[in-house]
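Hi everyone, thanks for coming. Let me put the structure on the screen, and then we can walk through it together.

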Amino acid sequence: MLKIPRCMSTQHPDNAHLPFFAENAELSGEDEIQEAYYAFSHLGCDEQMWDCEGKEVDNFVVKKLLTKYEHFFREKRLGEDIFLTLRVPNPSIEKAEAKILLETLESIPRSFDAANLFYKDDIAPIFEVILPMASSAKCIDRIYRYYCDFVVGKQKKPVKNGDITIAEWIGRFKPERINVIPLFEDMEQMLCAHRITAEYLQEKQVAYQRVFLARSDPAMNYGLISAVLLNKIALQRLEKLSAELGIKICPIVGVGSSPFRGNLRPQTVARVAREYPNTHTFTVQSAFKYDNPAEEVRKAIKKLRKRRIGTAQKVDEKRCLEIIRKYSQEYQKQIVELAPAINKLASHVPRRRKRKLHIGLFGYSRSMRGITLPRAITFTAALYSIGMPPELLGLNALSDSDLKFIRKVYVNFKKDMQDALKYFNPNTIFLPKELKGAIEKLAIDFRSDEEHLRITGYIARALKKNETEHLTEHILRAASIRRFLG
């Protein structure tokens, strides 16, 4: 039985502190090679996501890892003990990055050849890719078919009529198949994840299927509570599909360190596992790895890998969707009001990875009601930096009965709110007036961090007066206190 990873290290740039091996404030190609090795060898992760979208791609990652860290990879087998999983661009959405998908797929047989020379066998070092913003079975299947028919399939064709085949000329292309992991990020797609997955699996003989559910983008688009409820509905539906098809479906949930983006920190591993009990794999992002003591990180990752995987939490889907509808409307209304401040502050949030812009010509933007917003980490960092944690937005839309239901279904609601309220500045000039009563109605005891209060008060006032010279420095100081950037 193939081992399916439990703990996926990712390159999400949500860290306040820099890793010890970073040469610059923004991690780039060679840093990320070392990062992958560090995640495997020192932290104990059993999977590294290698992001091929939004940056210059290093398609020689396998060769570099095997040659630079030979002793470790002799002991821990890439593709059998530990895993490298490629996140590819979605050509339906990221038009300017579309051909990077083809380059990335073409690199998989080359990585196989590098591992074959190293290990002297036929175990593929890379055999899975993640497709972000998956919206249909067709878009997932196109990647699977392109790899099978055009990357590997061309080896059977002669260079010209009467000549030798490409395989005879260049060598065999392996692996013959890859697994495509759909990443569902939008509400519509998350609610249809089970149907899209079922359609994709038709006529495929697979031992298992991994399905990736986003946690950050649904929070950013629809609010914290919506993101939690959407994940619970999707996980419940995927578990039912698994039973119907007789195929093991292994969910991945993409969580970050801020409560808004999942609240997975070394201190909260057991809590998050209880929130999403049938999740097979959790993501460990940069703040988890670099904003906490290394020994705590190692112990937490060990717990993540050893935890027992349970069954999906049973939720009333109709009631969940009623709450999502009214709560997300109010949340989005408040985001529109805060958008000028968010966008103004976004340019001062420090970058942690060398990446191309994710807006305009070179990527995709996050838009809501006609406004364009930064990516989720920068968005979250901006709001925390003015003392307005995004977890609190939209709460005024909820009735007492809604809150009673949410407290029952959202297992960690009170603790997540306490964690967010620690960094809430009640005096921030950016607090929507209708939220004050809603926050008091929660009746949640919390203690504000005094230093964070002071810094966010300064940032909010400076932003209002357009005194932006020292904003980055103060944003980073507040993030260091929280142990996450955004």
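At what angle do helix 14 and helix 16 pack, and how far apart are their axes? Before I answer, please keep in mind that this is a predicted model. Now the answer: helix 14, residues 317-346, packs against helix 16, residues 400-409, at an angle of about 125°, and their axes are 11 Å apart. The two helices are therefore oblique to each other, and their crossing is left-handed. If you want to find the contact on the screen, look for R319, C320, I323 and K326 on helix 14, and for S401, D402, F405 and I406 on helix 16. By class, that contact has 4 nonpolar residues, 1 polar residue and 3 charged ones.

Next, let's turn to helix 5. Which way does helix 5 pass helix 8, in a left-handed or a right-handed crossing? The crossing is right-handed. Helix 5 spans residues 137-152, and helix 8 covers residues 193-201. Their axes lie 9 Å apart at an angle of about 40°, which makes helix 5 oblique to helix 8. From helix 5 the contact takes A137, I140, D141 and Y144, while helix 8 brings I196, E199 and Y200. Here the classes are 5 nonpolar, no polar and 2 charged residues.

M133 has a positive phi, near 50°, and is not a glycine. You will find M133 in the loop between strand 4, residues 128-131, and helix 5. Then there is the peptide bond from K174 to P175, which is cis, with omega near 0°. P175 sits in the loop between helix 6, residues 166-170, and strand 5.

Helix 5 and strand 5 also come up in my next topic, the second largest pocket. Which elements each supply at least two residues of its lining? They are helix 5, strand 5 at 179-184 and strand 6 at 208-214. The volume of this pocket is about 260 Å³. It is lined by 16 residues, and the closest to its centre are N179, Q205, V206, A207 and Y208. Sorted by class, the lining of the second largest pocket has 9 nonpolar, 3 polar and 4 charged residues.

What about cavities? The residues lining the largest cavity include R215, R271, E275 and D416, along with N263, Y276 and Y410. Helix 11, residues 269-275, gives the largest share of that lining, 3 residues. The classes in the lining come out as 4 nonpolar, 4 polar and 4 charged.

Helix 1, residues 29-43, and helix 2, residues 61-68, have axes that come within 10 Å and cross at roughly 65°. Helix 1 passes helix 2 in a right-handed crossing. Helix 1 uses E30, I33, A36 and Y37 in the contact, and helix 2 uses V61, K64 and L65. That contact has 5 nonpolar, no polar and 2 charged residues.

Conventions. Residues numbered from 1 in each chain as written. Predicted model: local features only at pLDDT ≥ 70, side-chain atom pairs only at ≥ 80, totals over all residues. Heavy atoms only, no water. Axes fitted to C-alpha atoms, helices over the stretch in contact; angles between N-to-C directions. Helix = DSSP H or I, 4+ residues; strand = E, 2+ residues; numbered from the N terminus. Parallel < 35°, antiparallel > 145°, perpendicular 65-115°, else oblique. Left-handed = near helix turned anticlockwise from the far one by under 90°. Contact = heavy atoms within 4.5 Å. Nonpolar A, V, L, I, M, F, W, Y, C, P; charged D, E, K, R; others polar. 1 Å grid on protein atoms, 1.4 Å probe; cavity = no way out; pocket = protein on both sides within 12 Å on 5 of 7 lines; lining within 4 Å. Points joined across faces, edges and corners; volume = space filled by probe spheres on them.
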